[in-house]
Amino acid sequence: MSFLIRVIINALALAAAVWIVPGLQIHAVGDGAASTAIAYLVVAVIFGLVNALVRPIVKFFSLPITCLTLGLFTIVINALMLLLTSWLTSFTPIELYIESFWWDAIAGTIIIAIVSAVLGLFVKSDRD
């Protein structure tokens, strides 16, 4: 149940980022609300897998530069994970499109982090 809630939170955060940042787009297979919702959920699952599998390795190897920038490089790491998600979804019928790295991916990452943090406050964690 916790996994499903996290995927829904990620999908809502992605939807907010796509709505706010003009350079982020998700291309769904069909028309209608159901296909759009499924597209956001699929991209959220891929984004969650990238964050669970690749992000810890990248964070470990970028630890010196993260310490040097007092943690600000974490935003760049998260934007790279969003860019990797975009590349992985290019092989599926549902695609996350990012126009540029510096403005769109960085802004999208910040919005996703804020929305995920705010929505995470309302969800009871299994770790409590």
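Contact here means heavy atoms within 4.5 Å. With that in hand, V7, I8, N10, A11, L14, A15 and V18 in α1 meet Y40, L41, V43, A44, V45, F47 and G48 in α2. Keep in mind that this is a predicted model.

- Quite a few α1 residues are tucked away: V7, I9, N10, A11, A13, L14, A16, A17 and V18 are buried.
- Those buried residues pack against β1 (24-27), α2 (33-53), α5 (73-89) and α6.
- How do α1 and α2 cross? Their axes come within 8 Å and cross at roughly 110 degrees, which makes α1 roughly perpendicular to α2.
- Sorted by class, the α1 contact with α2 has twelve nonpolar residues, two polar ones and no charged ones.

- Helix α5 has 17 residues and reaches 24 Å from its first C-alpha to its last, close to the 24 Å expected at 1.5 Å a residue.
- Which α5 residues are buried? The set is T74, V76, I77, N78, A79, M81, L82, T85, S86 and T89.
- The cover over the buried α5 residues includes α1, α2, α3 (55-61), α4 (63-68), β2 and α6.
- The axes of α5 and α6 come within 9 Å and cross at roughly 100 degrees, so α5 ends up roughly perpendicular to α6.
- On the α5 side, I75, V76, N78, A79, L80, L82 and L83 do the touching, and they meet F101, A105, I106, G108, T109, I110 and I112 in α6.
- By class, the contact of α5 with α6 has eleven nonpolar residues, three polar ones and no charged ones.

**T109, in α6**

- T109 is found in helix α6, residues 101-121.
- Is T109 buried or exposed? T109 has a relative accessible area of 7%; buried means under 20%, so T109 counts as buried.
- A polar atom of the T109 side chain lies 2.7 Å from the backbone oxygen of A105.
- Setting aside residues up to four places away in sequence, T109 touches I75, N78, A79 and L82. Of these, N78, A79 and L82 are on the list of buried α5 residues.

**L96, in β2**

- L96 lies in strand β2, residues 95-98.
- L96 counts as buried because its relative accessibility is 1%.
- What does L96 contact, leaving aside its neighbours within four places in sequence? The partners are Q25, I26, V43, L82, T85, S86 and T89.
- L96 and S125 are 29 residues apart in sequence, and their C-alpha atoms are 28 Å apart in space.

**S35, in α2**

- S35 lies in helix α2.
- The S35 side chain reaches the backbone oxygen of G32 at 3.2 Å.
- A polar atom of that S35 side chain also lies 3.4 Å from the backbone oxygen of D31.
- Not counting residues up to four places away in sequence, S35 touches A28 and G30.

Definitions and conventions. Residues numbered from 1 in each chain as written. Predicted model: local features only at pLDDT ≥ 70, side-chain atom pairs only at ≥ 80, totals over all residues. Heavy atoms only, no water. Helix = DSSP H or I, 4+ residues; strand = E, 2+ residues; numbered from the N terminus. Buried < 20%, exposed > 50% of the residue type's maximum accessible area, 1.4 Å probe, protein only. Polar contact = N/O pair within 3.5 Å; in protein donor to acceptor, adjacent residues only side chain to side chain. Axes fitted to C-alpha atoms, helices over the stretch in contact; angles between N-to-C directions. Parallel < 35°, antiparallel > 145°, perpendicular 65-115°, else oblique. Nonpolar A, V, L, I, M, F, W, Y, C, P; charged D, E, K, R; others polar. Expected span 1.5 Å × (residues − 1).
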